2 protein chains.
Amino acid sequence: MDRITMEHGGGGRATGELIGEIFAREFSNEILSEMEDCAVVLGDERIAVTTDSFVVEPLEFPGGDIGRLSICGTVNDLLMRGAKPRYITCGFILQEGVQIAQLKRIVRSMADTAREAGVTIVAGDTKVVEGAGGMYINTAGVGFVGKGVEISSGNSRPGDVIIVSGSLGDHHAAILSSRMEISNTIVSDNAPLHEMVGSLLREHVAVHAMRDVTRGGLATVLKELAAGSGLLFEIEEEALPLHPQVRDFCGLLGLDPLYMGNEGKMAAVVDAKDAGRALELIRASRYGKDAAVIGRVEDVRGQKDRGKLVLRTALGGRRALDVLEGEGLPRIC
Amino acid sequence: MDRITMEHGGGGRATGELIGEIFAREFSNEILSEMEDCAVVLGDERIAVTTDSFVVEPLEFPGGDIGRLSICGTVNDLLMRGAKPRYITCGFILQEGVQIAQLKRIVRSMADTAREAGVTIVAGDTKVVEGAGGMYINTAGVGFVGKGVEISSGNSRPGDVIIVSGSLGDHHAAILSSRMEISNTIVSDNAPLHEMVGSLLREHVAVHAMRDVTRGGLATVLKELAAGSGLLFEIEEEALPLHPQVRDFCGLLGLDPLYMGNEGKMAAVVDAKDAGRALELIRASRYGKDAAVIGRVEDVRGQKDRGKLVLRTALGGRRALDVLEGEGLPRIC
């Protein structure tokens with residue numbers, strides 16, 4: 001077999017072979033090897049639950065692929081609530097014609113990323129639909145939430161410091177370059193953030209809110225955090241970390257890095273007293289070396305400032321930022 | 001807005017409106033209203049985790065729709081391990097052009113089915129892809145597994161009785177009729193099986209293994225249970241429950257109901273001493289009135305009988321049944 005056919009979706013022998021030869025080989029663990037439709041695993045008092053579907057095109061791109069993305073996205077969503085990611089489920093929707101060689105690379109990449117992030121793939125499902133060799137992957141994740149951990153978008157307080165864990169727009173710029181066949185050295189930042197979040201929690205840094213920066217970019221994420229807390233978020237244009245190649249790329253195409261998606265960056269709202277320590281810990285972690293303090297959460301003086309996000313520009317101006325308008329770049333994740 | 005556009009997948013304002021006006025309205029609960037990318041909920045010592053994607057065509061069919069199916073499928077997978085279903089995540093992959101009115105009906109159907117099954121939708125995700133108004137839904141589920149509950153496909157024992165909870169092939173025949181535009185009264189059996197499984201567990205019936213009958217049909221499911229236990233499964237052709245219309249439909253088209261999918265039926269392997277009680281409880285439950293004892297698990301005498309499924313035909317013959325060969329009916333669930 002070198003391509004997926006409708007038979008692989010029938011639930012019979014061909015489906016079994018696909019699972020045995022491709023998925024089980026890479027994902028194998030004690031739980032999956034029970035070959036049940038549902039996994040029974042150890043739980044905990046408080047659990048975090050999330051899901052994400054991945055429809056990125058192309059399936060493989062500089063610095064990553066849909067498989068790595070599908071693990072990172074769900075792992076990062078769990079981390080943003082302060083959970084320790086534990087279990088992952090994956091649902092594959094394969095179009096007829098998917099090349100088996102490519103599927104194998106993507107599945108291996110998922111297995112590698114799951115190992116890196118310390119999660120176990122405990123259940124899966126495969127469907128086959130008509131089409132031309134594309135694929136979608138859904139992952140859901142379960143994590144354990146430690147006692148006393150309370151991180152959520154409503155928890156920001158006046159005086160808190162806003163940190164971003166690294167340079168903006170890398171994933172978006174890599175996908176776009178790939179689609180436009182522009183040759184450059186930009187690579188996607190798709191990565192699991194367990195190391196930086198793990199150190200923040202272990203060192204009891206007072207993190208009030210966290211969000212990973214994905215579709216819609218940093219502006220959308222911070223605007224949602226501002227709206228969730230009813231406070232005023234102010235960020236400094238000059239403080240935003242940006243790779244020179246991405247800066248040039250954006251300049252050339254008239255793109256705003258504040259609305260471009262990453263897949264391995266987060267924004268954290270941290271108590272001012274812990275901001276220095278938080279920055280140090282993030283910078284010391286894998287994928288965090290370019291972290292920067294980019295702004296503050298301010299108290300609201302007038303009603304018009306409630307839930308607002310303001311950018312202080314390099315020239316000293318103030319510009320209110322809203323969530324992304326329009327479609328942005330489709331199929332980025 | 002009357003149709004989905006790429007903008008609804010951008011992660012910005014249009015995505016927010018879609019969530020607010022369609023998903024939040026039907027799925028609203030305290031956890032979802034926190035509007036986080038990840039839910040934090042109460043856990044338990046042992047949890048069950050599963051996932052399933054749904055790609056059925058047509059999206060709406062006699063007796064159900066992709067929304068109801070997406071809740072039933074995952075709820076039933078949790079139940080088959082003896083878990084009490086609790087949380088559901090849903091990932092929507094919408095093609096451009098999906099009619100908003102249809103999406104609303106499907107989302108309402110999911111909400112109704114979730115209420116019926118007693119599960120809470122705690123997290124979701126929406127992506128939009130190119131296409132022509134189709135949609136895929138992935139659900140993942142988390143359930144709690146009570147102390148001492150050990151139900152898995154390897155647990156069948158010689159002497160156990162095999163029960164099927166109702167008539168075979170209804171869902172498959174309904175989907176096929178709908179696609180072939182054959183007018184008949186066959187309706188899909190898509191339903192959550194929490195009531196029958198709940199009574200079996202509550203009454204401490206010695207259930208050793210359970211599987212819901214989906215893609216691949218009863219033969220595939222029982223063959224997998226036989227293989228999982230290494231024992232010989234024998235079923236009686238004359239005992240198989242079948243609606244007269246489905247029987248006629250199969251006769252006409254040359255289909256074998258043993259390989260046709262259901263979406264609201266299960267096979268249970270029960271200790272012989274409890275078989276009568278199990279049958280009674282299933283028959284007394286919603287969706288279980290046509291339940292029947294259809295066979296037994298036999299000890300293996302020779303190596304060649306290990307993990308085998310045998311059908312005793314109406315004429316007294318014996319026919320070995322394997323898992324489904326070929327694709328069966330594509331996009332049935």
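Visitor: A nonpolar core is a set of buried Ala, Val, Leu, Ile, Met, Phe, Trp, Tyr and Cys residues joined through C-beta atoms within 7 Å. Which residues in the largest one touch the most other members?

Guide: Ile163(A) and Ile163(B) do, in a core of 218 residues. Buried means that 20 or more other C-beta atoms lie within 10 Å of a residue's own; 12 or fewer makes it exposed, anything in between partly exposed, with C-beta atoms placed from the backbone. Bear in mind that this is a predicted model: local features need pLDDT of at least 70 and side-chain atom pairs count only at pLDDT 80 or more, while totals for chains, interfaces and linings use all residues. Residues are numbered from 1 along each chain as its sequence is written, and chains are lettered from A and ligands numbered from 1 in the order in which they are written.

Visitor: What else is joined to S12(B)?

Guide: Strand S10 (232-236) of chain B, which runs antiparallel to S12(B) with 4 bridges between them. There Phe233(B) faces Val297(B).

Visitor: Switching topic: how many residues does each chain put into the contact between A and B?

Guide: Chain A gives 64 and chain B gives 64. On the chain A side, the elements giving two or more residues include helices H1 (13-27) and H6 (217-229) and strands S1 (39-42) and S2 (46-54). S2(A) gives the most, with 8 residues.

Visitor: Which strand of chain B is joined to S2(A)?

Guide: S1(B), residues 39-42, running antiparallel with 4 bridges. Val49(A) has Ala39(B) as its bridge partner.

Visitor: What rotation superposes chain A on chain B?

Guide: One of 180 degrees with 0.0 Å of shift along its axis, at RMSD 0.0 Å. The copies are therefore related as by a two-fold axis. In chain A, Asp44(A) has the C-alpha nearest the axis, 2.7 Å away. As for the surface, 100% of chain A's contact residues recur in chain B. The superposition is by least squares on C-alpha atoms of residues with pLDDT of at least 70 in both copies.

Visitor: How is chain A divided?

Guide: Into domain 1 (6-145) and domain 2 (153-321), with bounds from an automatic or database domain assignment. Their C-alpha centres lie 28 Å apart. In the contact between them, 22 residues of domain 1 meet 20 of domain 2. H2(A) gives the most to the domain 1 side, with 9 residues.

Visitor: Last one: where is Ala272(A)?

Guide: In the loop between strand S11 (266-270) and helix H8 (275-284) of chain A. Ala272(A) counts as partly exposed because it has 14 C-beta neighbours inside 10 Å. Beyond four places in sequence, Ala272(A) contacts Gly159(A), Asp160(A) and Val161(A).

How values were computed:
Pairing = 2+ DSSP bridges. Contact = placed C-beta atoms within 7 Å.
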